[in-house]
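Please find below a colleague's note on side-chain contacts. The points are numbered for reference.

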Amino acid sequence: MRFDILTLFPAIFDGYLGQSLLKKGIDAGLISVQLHDIRRWSRDKHHKVDDRPFGGGPGMILQVEPVVECVEAVQQLAQPQGLQPGHLVMLSPRGRTLNQKIVEELAAKPRLLVLCGRYEGFDERVFDILQPDEISIGDYVLNGGEVAAMAVIDAVIRLIPGVLGDEESSQHDSFSRSNSSSGNRLLEFPQYSRPREFRGHEVPEVLISGNHEQIARWRREQSYLSTRKRRADLLDDSKHISKDEKD
Ligand code: ADE
């Protein structure tokens, strides 16, 4: 999968790109990431890309020309090698709120262009012309889209086959589609590792029993109980939960 990140601050991504799963995926040839500095498309000799809003008001607005021209240039990049223009995601607090279903949708695309904003936002004509898929990571305002872009990319790469060591582990994630039998999203069950006892807190007996059927059943119950306790809003359809799991 290919990511093109369009930003005014490419250096923000340096640490993230050189670490963790993303680096593993890049080294294994499963992921490629290209950073593009929007300032390169500035028409100003000082590389300015923002200006005051018409009509007045605080803050600066990202100008339409450098942003649109940068996106168009990146879309056309590498087309001779058969690369598609890509799906354009724009990080923005007014976008649809990210959830696992959207992450799955994005992970199915071969190429994502990830456009990060700064300042008080984009000139509205950026939306009119490019019609991006606007995505928010929550109802709060960040100083820019870069941190949000990393959250999106981080969630997406977990779903690329081969990126996680254990193919199964993203399937058990909270919210994953395969973590439920009816598309209902449940939180992950609790996990334990050694030691078996710490300060009087013991690992549940069933997990040491070796009885895989019982363990699977316990985990399903715990997923349900954890969801009911922490995120009852996710239990919009609990028909598939057996009576004993609910009790
Ligand atoms: N840019 C600023 N705030 C944001 C948010 N909550 N989500 C995505 N991008 C943003």
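**Side-chain contacts**

1. Arg217 is partly exposed, with 29% relative accessible area. The model is a predicted one. The partner of Arg217 in a salt bridge is Glu221, with the closest N and O atoms 3.5 Å apart. Glu221 is buried, at 19% relative accessible area. Both residues belong to helix 7 (residues 212-230), where a spacing of four residues separates them by about one helical turn.

2. In total, the structure holds 14 salt bridges. One of them joins the side chains of Arg43 and Glu65, at 3.8 Å from N to O. Arg43 lies in the loop between strand 2 (32-37) and strand 3 (50-51), while Glu65 is in helix 3 (residues 64-76), so this pair ties together parts that are 22 residues apart in sequence. Arg43 is exposed at 59% relative accessible area, whereas Glu65 is partly exposed at 31%.

3. Arg96 and Glu105 also meet in a salt bridge, with an N to O distance of 2.8 Å. Arg96 is partly exposed at 33% relative accessibility, and Glu105 is partly exposed at 32%.

4. A network of salt bridges links Arg2, Asp4 and Arg111.

5. There is one aromatic pair. The ring centres of Phe122 and Phe127 are 6.1 Å apart and the planes stand at 90°, so the pair is edge-to-face. Both Phe122 and Phe127 are buried.

6. Two arginines lie over ring faces: Arg39 over Phe9, at 5.6 Å from the ring centre, and Arg40 over Trp41, at 4.9 Å.

7. The number of disulfides is zero. Cys70 is buried at 1% relative accessible area, and Cys116 is buried at 0% relative accessibility.

Terms used: Residues numbered from 1 in each chain as written. Predicted model: local features only at pLDDT ≥ 70, side-chain atom pairs only at ≥ 80, totals over all residues. Heavy atoms only, no water. Phe/Tyr/Trp six-rings, centres within 6.5 Å; stacked < 30°, edge-to-face > 60°. Buried < 20%, exposed > 50% of the residue type's maximum accessible area, 1.4 Å probe, protein only. Lys NZ or Arg CZ within 6 Å of the ring centre and 35° of its normal. Disulfide = S-S within 2.5 Å. Salt bridge = Lys/Arg side-chain N within 4 Å of Asp/Glu carboxyl O. Helix = DSSP H or I, 4+ residues; strand = E, 2+ residues; numbered from the N terminus.
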